[in-house]
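Please look at the chain below before reading on.

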Amino acid sequence: MEIKDRYDEFRALLLKEKQQILEEASRTVDGMNKKDVAFADPIDRASMESDRNFQLRVRDRERKLLKKIDEALLMIEKKTYGKCEICSGEIEYERLKARPVTTMCIECKNEQEEEERRRAE
């Protein structure tokens with residue numbers, strides 16, 4: 001079965017992931033809008049601030065993921081979803097299922113990562 005035949009499945013998967021991210025972001029904002037508690041112990045305050053910073057880093061990564069989700073949904077609309085942006089081959093179903101925002105087949109992604117490792121050395 002071709003990926004084009006599974007567009008509805010991937011659209012639903014992407015929309016579900018997007019909804020989960022937006023709900024979690026809303027909970028984070030609600031939690032940060034609550035009044036700060038006065039901490040007698042500076043260690044407790046530092047721990048709370050560290051947790052907030054971690055949450056903000058996670059939300060930032062999710063913000064970037066939301067952009068990729070929107071791009072994948074647009075590719076579904078344009079009927080280009082599931083095609084590798086490098087070699088134009090079809091991305092395997094299992095890869096898309098594991099990472100529905102991917103834009104490269106596993107071979108091209110491996111080559112890209114290998115090139116990045118070589119440049120880093």
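Of the 121 residues in the chain, 22% are buried, where buried means under 20% relative accessible area, exposed over 50%, and partly exposed in between (1.4 Å probe, protein chains only). The model is predicted, with local features needing pLDDT of at least 70 and side-chain atom pairs counting only at pLDDT 80 or more, while totals for chains, interfaces and linings use all residues. Residues are numbered from 1 along each chain as its sequence is written, and side-chain values use heavy atoms, with hydrogens and water left out.

**Overall form**

The chain has 4 helices and 0 strands; helices (H or I, at least four residues) and strands (E, at least two) are DSSP runs, numbered from the N terminus. The order of elements from the N terminus is α-α-α-α. Along the principal axes, the C-alpha atoms fill a box of roughly 60 × 40 × 20 Å. The radius of gyration of the chain is 20 Å, whereas a compact globule of 121 residues would have one near 14 Å. This radius is taken over C-alpha atoms, and the globule rule is 2.2 Å times the number of residues to the power 0.38.

**The nonpolar core**

In soluble globular proteins, nonpolar side chains tend to be buried together. A nonpolar core is a set of buried Ala, Val, Leu, Ile, Met, Phe, Trp, Tyr and Cys residues joined through side-chain atoms within 4.5 Å. The largest one here has 19 residues, and Leu14, Ile69 and Tyr81 touch the most other members. Two or more residues each come from α1 (7–33) and α2 (42–78), and α2 gives the largest share, 6 residues.

Which residues does Leu14 contact, leaving aside its neighbours within four places in sequence? They are Ile69, Ala72, Leu73, Ile76, Tyr81, Pro100 and Val101; contact means heavy atoms within 4.5 Å. Among contacts in the chain between residues at least 6 apart in sequence, 57% join residues at least 24 apart.

**Two loop residues**

Lys79 lies in the loop between α2 and α3 (93–98), and Ser88 is also found in the loop between α2 and α3. Phi is positive in Lys79, a residue other than glycine, and likewise in Ser88. The table gives their values.

| Residue | Phi | Relative accessible area |
|---|---|---|
| Lys79 | near 65° | 53% |
| Ser88 | near 65° | 54% |

Lys79 counts as exposed because its relative accessible area is 53%. Ser88 is exposed too, with 54%.
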